[in-house]
Amino acid sequence: MKYSKMQEAQKKLRTYDDYTVAVVCAMSFEMSAVRFMLDEEHPRLQSHGDPNLYVLGTLSGHNAVLACLPGSQGKGSAATVAANMARTFPSIKYRLLVGIGGGVPTAKHDMRLGDVVVSMPDGQYGGVVQYDLGKDTTDDFVLKGFLWPPPPLLRSAVEMMRSDHLLSENKVDELLSTMLQKSKRLAIYKRPDATPDVLFEAEYPHAPTHSTCENCDMSKTVDRICRESQAPEIHYGLIASGDSVIKSSSRRDTALRNIGDILCFEMEAAGIMTEFPCIVIRGISDYADSHKNDAWQHYAAATAAACSKELLSYIDPESNAAALETPVDGLPYGRNNMSGTRSSFVGRGVQNSGSGNISAGRDMNIGN
């Protein structure tokens, strides 16, 4: 009996090669939301000098590895964590960036706090646009660069999920309810009913001396139709990524005019998608204006985590689809700055640092 139990334990012992899904979160409470959505948590593996710490487990049948940025937000930190993860877990096929974001409510998109935005191609953009990368001209700011869209299989999964939700409700509420039953301490991820979901007029700023909107003028709110249900909705489209937190309605609306149909703002996607194709899933915790506060952050992180779990349920865990899927012309995923003076190539080969030195490497980035 003891021998058979030992054999069973050995069968369950996993290696770095067994993990095919990577989930990156900027903050610890975002990672915890995904962690407690896991079907099963796996024992940690012995470290191989990787500075990242990982949570391992099964998410919708997939062996998934979760990582959190080391206390510093932004695209540089996200790129470093993703690169370390890729070296440690060589079999990763699908990457998800999961967490909170600032929503952009418009007449076209009835955005509410706790709703979820999933990055998908829109117009000339692949799902994420780096809104602060470009150059000033006499009359305007011209964007530069291009971030590739999510891998085809992830896009197909999103489209199938989106189609299903035309007839049936999404499973965000159901999955969140299941997570909350695991521990009373997870109640921090419940919908914050004590803090109302209020959208203020763009011209009405928040009083800087108050941390909440209790003293704000409610006559300056935007009238919105009440939803039949408080369950979160899922929106699909363009996510704007940059180096700073947007908490100004004027900056928010300026970016909307300059770029187009933006659904939310965040700070990490551009860093990861320079090197790796991924899909970005953001729970809306504020409206990217001066009334931004932390009240809805945990709930928004949980709705994004639940959406991630539902999305992965559309992909067969046994699928051996190519991890390094490439777009037309055989070019690998990465930023391809086709306009302006700077260009880059990410892949395997030789690297010219610009100083006349050429080096060979497996993962490299060529720029000028």
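## Helix α8 and its neighbours

Phe 29, Glu 30, Ala 33 and Val 34 of helix α2 are in contact (heavy atoms within 4.5 Å) with Gln 297, His 298, Ala 301, Ala 302 and Ala 305 of helix α8. By class, this contact of α2 with α8 holds six nonpolar, two polar and one charged residues, where Ala, Val, Leu, Ile, Met, Phe, Trp, Tyr, Cys and Pro count as nonpolar, Asp, Glu, Lys and Arg as charged, and the others, Gly among them, as polar. The model is a predicted one, in which local features need pLDDT of at least 70 and side-chain atom pairs count only at pLDDT 80 or more, whereas totals for chains, interfaces and linings use all residues. Residues are numbered from 1 along each chain as its sequence is written, and side-chain values use heavy atoms, with hydrogens and water left out.

Helix α2 spans residues 28-35 and helix α8 residues 297-312, and their axes come within 8 Å of each other while crossing at roughly 40 degrees; axes here are lines fitted to C-alpha atoms, for helices over the stretch in contact, and angles run from 0 to 180 degrees between N-to-C directions. The two helices α2 and α8 are therefore oblique to each other, given that angles under 35 degrees count as roughly parallel, over 145 as roughly antiparallel, 65 to 115 as roughly perpendicular and the rest as oblique.

Helix α5, made of residues 172-180, also packs against α8, at an angle of about 110 degrees and with the axes 9 Å apart, and α5 and α8 are therefore roughly perpendicular to each other. On the α5 side the contact is made by Val 172, Asp 173, Leu 175, Leu 176 and Met 179, and on the α8 side by Tyr 299, Ala 302, Thr 303, Ala 306, Cys 307, Lys 309 and Glu 310. These residues of the contact of α5 with α8 divide into eight nonpolar, one polar and three charged.

Another partner of α8 is helix α4, residues 152-164, which packs against α8 at an angle of about 105 degrees with the axes 9 Å apart. The pair α4 and α8 is therefore roughly perpendicular as well. Ala 157, Val 158 and Met 161 of α4 make this contact with Cys 307, Glu 310 and Leu 311 of α8, and the residues involved divide into five nonpolar, no polar and one charged.

## Loop residues

Ala 26 sits in the loop between strand β1 (21-25) and α2, and at 5% relative accessibility Ala 26 counts as buried, a term that means under 20% relative accessible area, with exposed over 50% and partly exposed in between (1.4 Å probe, protein chains only). Not counting residues up to four places away in sequence, Ala 26 touches Cys 68, Leu 69, Gln 73 and Glu 268.

Gln 73 belongs to the loop between β4 (62-68) and α3 (75-88), and with 43% relative accessibility Gln 73 counts as partly exposed. Leaving aside neighbours within four places in sequence, Gln 73 is in contact with Ala 26, Met 27, Met 267 and Glu 268.

Pro 149 lies in the loop between β9 (141-143) and α4, and with a relative accessible area of 15% Pro 149 is buried.

| Residue pair | Separation along the chain | C-alpha to C-alpha distance |
|---|---|---|
| Ala 26 and Val 81 | 55 residues | 9.9 Å |
| Gln 73 and Glu 268 | 195 residues | 7.1 Å |
| Pro 149 and Ser 119 | 30 residues | 8.4 Å |

Ser 60, in the loop between β3 (54-59) and β4, has a phi near 55 degrees, a positive value in a residue other than glycine. Most residues other than glycine have a negative phi. Ser 60 is buried, with a relative accessible area of 18%.

## The chain as a whole

The chain contains eight helices and 14 strands, taken as DSSP runs numbered from the N terminus (H or I and at least four residues for helices, E and at least two for strands). Buried residues make up 47% of its 368 residues. Among the contacts in the chain between residues at least 6 apart in sequence, 72% join residues at least 24 apart.
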